[in-house]
Amino acid sequence: MTDTTFAPQEDDDALAAEYVLGVLSLSDRVAAETRAKRDDAFAAMIAAWETRLSGLNDDYDEAPAPNLLPAIEARLFPVAPAAAKPGFGWMRLLGGIGLAAALALAVYLVQPVPGPVQVATLTSADAGLVYEARFVDEQMIVTRVAGSPAPAGEVHELWIIAPDAPPVSLGLLADATLSVPYPAPPAGWVLAVSVEPAGGSPAAGPTGPVILTAEIPPASET
């Protein structure tokens, strides 16, 4: 039995298909998303697979989010109030105040409750350069809160490092803010920033100096 060897383009096409099917590991998926932002050919492969597999969605109906307000109102007001008799205007006033308070409570109950937030701060020794990474609702938002971007011809690149695993690039910090779809990682994972050539590291890991690191802390309730 002989091994089958795929050409690089076939490897990329297979990776794009696995990305669209959602069978990649977390680190491989993040790496594929990062590459698609910089590699137009690879991004086109992903788009082609999304189009090719879009027919699979036809068997599934959209499930709109439930509207909870009518059910809450039905529980708060099971019986419509009877018409007030003449001469009892103060009772109607109190009833109106109670209705307004109940409606305010209903609106409060249907609002989403904020989930736990993880915040990691990457700070240089002199605090001249600071990035803050927040993991909120499966989004990682990285903001430069102090200092300047890399000099011309260079760029800051963000990496995440799981225990006993190589660094995985999450994107370039050329602008003040970077937003990446990313579920909150376990506490103990490490974020790092390196200085790379314009366009990002030419290798699978950092090639320039690593200037900032921070361990991701446990999540805290907001």
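Predicted model: local features only at pLDDT ≥ 70, side-chain atom pairs only at ≥ 80, totals over all residues.
I looked up the largest pocket and found a volume of about 270 Å³. Its lining has 15 residues, and the closest to the centre are Ala31, Arg38, Val168, Ser169 and Ala204. I then asked which elements supply the lining. Helix H2 (26–38), strand E4 and strand E5 (168–172) each give at least two residues. H2 has the largest share, with six. By class I noted six nonpolar, four polar and five charged residues in the lining.

**Salt bridges.** My search of the whole structure returned five salt bridges. I took Asp12 and Arg35 to begin with; their side chains meet at 2.9 Å, N to O. This pair links helix H1 (residues 8–21) to helix H2, across 23 residues of sequence. Arg35 is partly exposed, at 26% relative accessible area.

Next I checked Glu157 and Arg38, whose closest N and O atoms are 3.4 Å apart. Arg38 is partly exposed at 41%.

Glu132 and Arg134 form another bridge, at 3.1 Å. I also noted that shared partners join Asp12, Arg35 and Asp39 into one network.

**Ile160.** I finished in strand E4 (residues 154–161), at Ile160. Ile160 is buried because its relative accessibility is 3%, under the 20% cut-off. Beyond its sequence neighbours, its contacts include Val168, Tyr182, Trp189 and Ile216. Thr213 is 53 residues away in sequence, yet 9.6 Å from Ile160, C-alpha to C-alpha.

Technical notes
Residues numbered from 1 in each chain as written. Heavy atoms only, no water. Helix = DSSP H or I, 4+ residues; strand = E, 2+ residues; numbered from the N terminus. Buried < 20%, exposed > 50% of the residue type's maximum accessible area, 1.4 Å probe, protein only. Contact = heavy atoms within 4.5 Å. 1 Å grid on protein atoms, 1.4 Å probe; cavity = no way out; pocket = protein on both sides within 12 Å on 5 of 7 lines; lining within 4 Å. Points joined across faces, edges and corners; volume = space filled by probe spheres on them. Nonpolar A, V, L, I, M, F, W, Y, C, P; charged D, E, K, R; others polar. Salt bridge = Lys/Arg side-chain N within 4 Å of Asp/Glu carboxyl O. Lists of a residue's contacts leave out its neighbours within four places in sequence.
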